[in-house]
Amino acid sequence: MAGIGFELRKLLHRDSYFALVRAYAYAGLISSGPWVLSIVGLAVIGVMSVNIVVPNLLVTQFQVSVTYLIAGSLILTGVVQLSFTRWVSDQLFARRADIIVPNFAGVLLVTNLGAGTLAVMLAFLEFRGESALYRVLMVAGFVTMCDIWVATIFMSGLKFYKTIVVLFGGGYGISVLLALLLREYGLEGLLAGYVIGQFLMLAGMFFIILRSFPAEKLIAFDCFEPGAMLPTMMAVGLLFNFAIWADKIVFWFAPDTSQAVIGPLRASVIYDMPVFLAYLGIIPGMAVFLVRFETDFVEWYDKFYNAVRDGGSLEEIARMRDEMVFAVRQGLFDIVKIQTLSVLVMVVFAPTIFQKLGISALYLPLFYVDAVAASMQVALLAVMNVFFYLDRRRAVLAVVALLAVLNVVLSMVSLKLGVAFYGYGFAAALLITLVVALRVLERKISRLEYETFMLQ
């Protein structure tokens, strides 16, 4: 992400408040746009269909179905998201850009075979009581969403950030429009409109990728050769996506906090709405992460390793390391400051917003806890990003594995403790993981010169 960060920082040098606001707004849109559009799109479809789609249960079934499509596709494709992006960057560094698109097609083929097989099995084994059209749409939607996440992370690696936001905006705009036009056909109409919009978004991604990287052959599988895609990166992608959804899954399938919605799919009314709304509050922190934290860190990171490669003095190398450490600390401090302000703003205005939206005030305590937890997730992402730059993949794997285990265990504990403790499992898991990650990062950076020179 540092490439777009450096471009955005050019706006900050124009010495105007408009340039400052524009830079951070653009950063927030790029870093958070896709999932914000996902949440807003589902909310708009639901709100505008409540009094038209009868019974209202069909609207809930649609929203829950799409939520499971998003969660399942993210977790499944987590195996290739980071690992394939790393492989792509290696090929760009080696000036082998001609093999990237054929291998992208190979990854999509393997993803489609795996996702399609899994989706067909579930559709015809677990959804036997639903209509054939619903099952077909769920299979098509799941495969399409898997392809979208692979294409999105691929385009992110190639720094097509603005294009991604535009495509997501257009895709979700079409999904909302078609879902509203087809809502008279009930659940299947809503789901068909959504899936068609997502498919058109995916088609736009394919067009941009193929236009940007002409290929000599159609498909290749070089990235699947032994050692090509790093196993640690594959495990990190899978575990991180699971860890973020773990608490939701726990509440979905706990009998006391959920109810069956359609087929095997369950939802937790008491938990889902506050946690998804809370994620809207991390946009400022993600903007700071993109414009300040990563960019400042990368600047001194490059200077440190340039000094190492160019034979700089030990004093110079140590100074660069100290500046890099300062950039990390200052960046984390900025994220904490902006997210603290964001949480305070949500605390002040949430009661009014909930009242305007017709949401019960009983959700507010859980919303506040989730807002704090989501803010800690931004800080954890920043720490993980530093680990990736330092190529400490095993450290990242240990961190995400810890988060996954803690989120499951502590969320189950919060269920046992009662309603007053809902959400605290997710927050405690992130807090513990963040503290551990910071301690590990501190130790790694203190040994940076030693590991740079002596472990080669």
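Take Glu-442: does this residue count as buried, partly exposed or exposed, and what is its relative accessibility?

A: This is a predicted model. In it, Glu-442 counts as partly exposed, because its relative accessibility is 45% and the exposed class begins only over 50%. Glu-442 has a charged partner. Its salt bridge is with Arg-439, and the closest N and O atoms are 3.5 Å apart. Arg-439 has a relative accessibility of 58%, so Arg-439 counts as exposed. Both residues sit in helix H14, which runs over residues 424–446. They are three residues apart there, about one turn of the helix.

Some share partners: Arg-86, Asp-90, Asp-391 and Arg-393 are joined into one network. Asp-391 is partly exposed, with a relative accessible area of 36%. Arg-393 is partly exposed too, at 22%.

Another pair is Asp-322 with Arg-321, where N and O lie 3.0 Å apart. Here the two partners fall into separate classes. Asp-322 is partly exposed at 42% relative accessibility. Arg-321 is at 18%, so Arg-321 counts as buried, the limit being under 20%.

Now the setting. The protein has 15 helices and two strands. Of its 456 residues, 52% count as buried. The accessible surface is about 21300 Å², and carbon and sulfur atoms account for 68% of that area.

Then the interior. In soluble globular proteins, nonpolar side chains tend to be buried together. The largest nonpolar core in this model holds 70 residues. Phe-62, Ile-70, Phe-84 and Tyr-194 touch the most other members. Helix H3, residues 57–93, gives the most to this core, with 15 residues. A further core of 62 residues lies apart from it, with Tyr-271, Leu-390, Ala-395 and Ala-404 among its members.

Tyr-363 lies between helix H11 (314–357) and helix H12 (364–389). Its relative accessibility is 17%, so Tyr-363 counts as buried. Beyond its neighbours within four places in sequence, Tyr-363 is in contact with Val-269, Ile-270, Pro-274 and Phe-354. Val-269 is 94 residues away from Tyr-363 in sequence, yet their C-alpha atoms are 9.9 Å apart.

Definitions and conventions. Residues are numbered from 1 along each chain as its sequence is written. This is a predicted model: local features need pLDDT of at least 70, side-chain atom pairs count only at pLDDT 80 or more; totals for chains, interfaces and linings use all residues. Side-chain values use heavy atoms; hydrogens and water are left out. Helices (H or I, at least four residues) and strands (E, at least two) are DSSP runs, numbered from the N terminus. Buried means under 20% relative accessible area, exposed over 50%, partly exposed in between (1.4 Å probe, protein chains only). Contact means heavy atoms within 4.5 Å. Accessible areas come from the Shrake-Rupley method with a 1.4 Å probe; for residues, only the protein chains shown count as cover. A nonpolar core is a set of buried Ala, Val, Leu, Ile, Met, Phe, Trp, Tyr and Cys residues joined through side-chain atoms within 4.5 Å. A salt bridge is a side-chain nitrogen of Lys or Arg within 4 Å of a carboxyl oxygen of Asp or Glu.
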